[in-house]
Amino acid sequence: MRQPLLRLDGLTKAYPGVLANDDISFEIGIGQMHALLGENGAGKSTLVKMIYGLVKPDRGTMTLRGADYAPAQPSEARRNGVAMVFQHFSLFDALDVAENVALGMENPPPLRDLARRIREVSTAYGLPLDPNRLVGDLSAGERQRVEIVRCLLQEPKLLIMDEPTSVLTPQEVEVLFRTLRQLSAEGTAILYISHKLDEIRALCDEATILRGGRKVATCDPREKSARELAELMVGQVLTPPERPAKPKGAALLQVRNLSLTSNNPFGTSLKDISFTLHAGEVLGIAGVAGNGQDELLLVLSGEVPTGADQVQLKGAPIGHLGPNARRKRGLVAAPEERLGHAAAPDMSLTENALLSAAQRKRLARSGFIDWKATDRFAREIIAKFDVRTPGPDVLARALSGGNLQKFVIGREIELAPDVIVVNQPTWGVDAAAASFIRQALLDMANRGAGVVVISQDLDELLELADSFAALNEGRMTPVRPAKGLSVDEIGLMMGGAHDMTPAQGVSA
Amino acid sequence: MILGSINPAVLMAALMVAATPILLAAIGELVVEKAGVLNLGVEGMMIMGACLGFIVAVNTGSPVLGFVGAACAGMALSLLFALLTQALMTNQVASGLALTLFGLGLTALLGQRYVGITPPRTPKLDLGPLSEIPFLGRALFSHDIVVYLTIALVAAVWWFLNYSRAGMILRAVGENHDAAHALGYHVRRVRVFAIMFGGACAGLGGAYLSLIRVPQWTEGMTVGAGWIALALVVFASWRPWRALAGAYLFGGVVVLQLNLQAAGVKIPVEYLSMSPYLITIFVLVLISSGKARGSLNAPGSLNRPFHASD
């Protein structure tokens with residue numbers, strides 16, 4: 001056993017109605033790569049927030065290098081050599097890289113010296129960065145570099161990384177892992193939070209698994225299979241989604257030479273996108289965040305109209321139609337952002353059900369709402385998709401992310417559309433709910449509908465998709481059959497290798 | 001038309017005086033908005049400063065104490081706003097409007113016995129030979145000290161926002177309060193300080209009206225200066241030096257309007273008095289079209305309520 005760096009003893013934290021952490025104890029050794037595993041809501045975030053001083057534990061103690069450690073705020077944690085890279089980046093778009101780094105440091109040197117040190121450290125660890133660029137102009141991978149470099153400049157003894165690879169291409173993940181191994185060899189301990197089991201097995205030498213706020217095991221992840229780890233996390237046996245082989249049907253949705261200039265100064269413009277979606281086909285569209293996914297969804301859902309012929313549904317031009325007209329014709333969409341885009345946060349589930357289903361389900365007649373039918377419809381979704389809520393009168397914002405996602409996807413699937421477009425269908429959703437949503441999407445395809453899944457989760461796409469394409473800076477690669485694609489090839493597609501020859505047998 | 005009767009040196013001098021109150025209020029509001037808070041109560045805080053500053057100056061006989069009192073009065077009213085929006089999480093727009101109405105009403109009551117009185121005179125700053133320079137001396141170097149202190153304040157705010165760590169934290173809080181909170185900065189504390197600074201500046205701007213520019217107390221005497229200051233912040237796209245330029249532009253419009261009237265030009269003055277707002281609308285359109293670089297300078301968390309999640 002290595003020398004312990006940080007010891008947690010019986011940490012407990014309760015929020016009204018939830019015991020987020022219940023009596024958690026474990027040790028992190030000097031230079032150790034320690035994984036923290038668990039589903040969403042298992043208490044990982046609360047635990048690291050306590051280590052980083054953002055949350056005070058109700059009970060329990062921490063010991064850092066043999067001395068008592070109870071940080072009242074993050075600056076105290078930073079002074080003690082504890083640094084953190086956040087899952088949702090804690091960056092400021094309108095400030096430049098050097099300013100962003102300075103904001104995360106205790107005693108930053110003058111900006112000119114800091115810029116020099118940023119260059120030095122970032123090259124030393126293989127993460128090149130230009131300190132004068134605005135963070136808003138950087139890619140997701142570069143933004144993460146800013147966060148990491150910010151931590152490294154303070155020479156941390158413990159680096160906490162919260163889901164660091166969810167926004168990276170496979171090649172960027174490689175670079176990150178190399179950096180982390182280098183750090184570990186230099187004696188920096190790393191607490192690595194993820195639910196990507198393969199990564200953890202490749203990287204970490206010890207793993208602590210949380211479930212429902214409790215520690216269920218500490219083990220060596222290299223000695224367990226990914227399946228064993230997953231079952232420890234979930235506490236039940238997982239079944240991968242079923243997908244019987246099937247022939248390709250008629251063309252349902254066609255997109256032709258679609259270009260679109262983004263309205264958002266930090267957005268991505270779409271450039272000349274063309275693809276065809278067939279009945280019964282699941283088309284997976286990969287890409288690192290911010291490469292045009294949001295814009296593509298807006299164009300397909302009808303929120304941003306285009307030339308009529310550029311989007312065609314069953315041969316009819318629909319590019320100029322808005323979302324309601326498209327729903328009527330059989331194309332529905334579920335955007336990534338649940339609160340505020342897919343659902344109105346301050347309206348009840350019943351009202352949210354009405355908002356997208358009014359037409360196809362005939363919930364409103366000559367301007368009057370049929371509340372009884374709407375309520376029945378909302379209850380139907382809740383029952384069918386196992387949405388955990390006291391009832392349909394609950395406000396959308398009161399649901400947890402996973403439950404609301406089940407409701408939103410369920411609502412669209414229940415409309416029995418011909419084509420459904422989803423963006424990040426299982427983002428922030430726990431494993432059980434995610435596999436449920438994926439199965440529901442596959443069932444739709446089996447019934448003959450066309451499904452477009454835009455996602456950053458490669459495992460998800462490989463599990464679901466029949467055909468595969470990637471977005472890079474607003475351009476889309478040719479669609480290829482998903483079967484037989486290697487992770488390397490996918491990485492190249494995501495990285496922008498547009499001229500790759502399409503594999504034979506696309507028409508299969 | 002007898003435009004020849006307008007003396008450019010006098011016009012320039014009058015313009016600097018006319019610009020000072022709106023510039024004071026605007027530079028305060030600029031800092032408030034850079035911290036991510038939209039305080040529409042500028043007009044209310046200005047009139048509080050105008051009224052309280054007048055009362056203090058008349059009773060003590062000291063214009064300096066009057067200005068101090070005005071800053072305190074503006075700050076007191078802004079603290080009410082801070083309490084409402086930062087502690088009780090009320091809507092910023094509604095609270096700001098309420099602040100304006102409250103300020104106007106309260107000062108009408110407090111100032112009743114002071115109508116028609118002349119306040120103690122604020123001496124002009126003696127700049128010696130500088131004010132003897134032909135034209136420039138009359139236009140630039142014959143003012144009271146507040147005019148010059150205001151320009152110094154603009155410089156100080158510019159330096160603070162761009163070159164000091166505290167200023168960087170303030171911008172960070174206004175740009176993305178969730179990220180600032182995650183890094184361990186005290187979002188509310190920063191915002192309350194910014195709001196107080198904005199209140200003090202607005203109060204000083206009001207006192208400049210009642211003690212120097214007019215100088216007299218009448219009910220509702222700010223007549224929209226606070227709104228012009230708010231428009232000015234947007235017009236300046238949250239940059240201090242541009243706020244100075246904009247204040248002279250808007251101040252110039254006000255002065256020109258008086259001079260043109262005096263010169264007997266037959267343009268309805270209403271066209272000129274609405275022009276600052278028209279220009280601001282134009283700038284807003286430019287910003288939201290996303291073409292102008294200015295859209296990036298708008299604080300990202302402006303007017304968004306901050307709930308600290310655990």
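**Domains, interfaces and strands of chain A**

Modeller: Starting with the layout, the centres of domain 1 of chain A and domain 2 of chain A, taken over C-alpha atoms, are separated by 32 Å. This is a predicted model, in which local features need pLDDT of at least 70 and side-chain atom pairs count only at pLDDT 80 or more, while totals for chains, interfaces and linings use all residues. Residues are numbered from 1 along each chain as its sequence is written, with chains lettered from A and ligands numbered from 1 in the order in which they are written.

Colleague: Which residues does the domain assignment give to each domain of chain A?

Modeller: Domain 1 covers 4-234 and domain 2 covers 251-494, with bounds that come from an automatic or database domain assignment.

Colleague: And how many residues does each domain put into the contact?

Modeller: Domain 1 of chain A gives 17 residues and domain 2 of chain A gives 16 residues, where two residues are in contact if their C-beta atoms, placed from the backbone, lie within 7 Å. On the domain 1 side, the largest share, three residues, comes from H8(A); helices here are DSSP runs of H or I with at least four residues, strands are runs of E with at least two, and both are numbered from the N terminus.

Colleague: Switching to the chains, how many residues do chain A and chain B bring to their contact?

Modeller: Chain A contributes 18 residues and chain B contributes 16 residues, and on the chain A side the largest share, three residues, belongs to H3(A).

Colleague: New topic: what is the strand order in the open sheet of four strands in chain A?

Modeller: The order is E12-E11-E14-E15, with antiparallel pairing, and two strands pair if DSSP finds at least two bridges between them. Strand E12 (270-278) and strand E15 (316-317) of chain A stand at the edges with a single partner strand each, so one side of each has no neighbour in the sheet. Six bridges join E12(A) to strand E11 (residues 251-260) of chain A, and A:Gln254 stands opposite A:Thr276 in E12(A).

Colleague: What about strand E13 of chain A, is it buried or exposed?

Modeller: Five of the five residues of strand E13 (residues 282-286) of chain A are buried, so this strand is largely enclosed by the rest of the structure; buried means that 20 or more other C-beta atoms, placed from the backbone, lie within 10 Å of the residue's own, exposed means 12 or fewer, and partly exposed is in between.

Colleague: Which strands pair with E13(A)?

Modeller: E13(A) runs parallel to strand E20 (residues 450-454) of chain A over four bridges, and four bridges also join E13(A) in the parallel sense to strand E21 (residues 467-472) of chain A. A:Leu283 stands opposite A:Val452 in E20(A), and A:Ile285 stands opposite A:Ala469 in E21(A).
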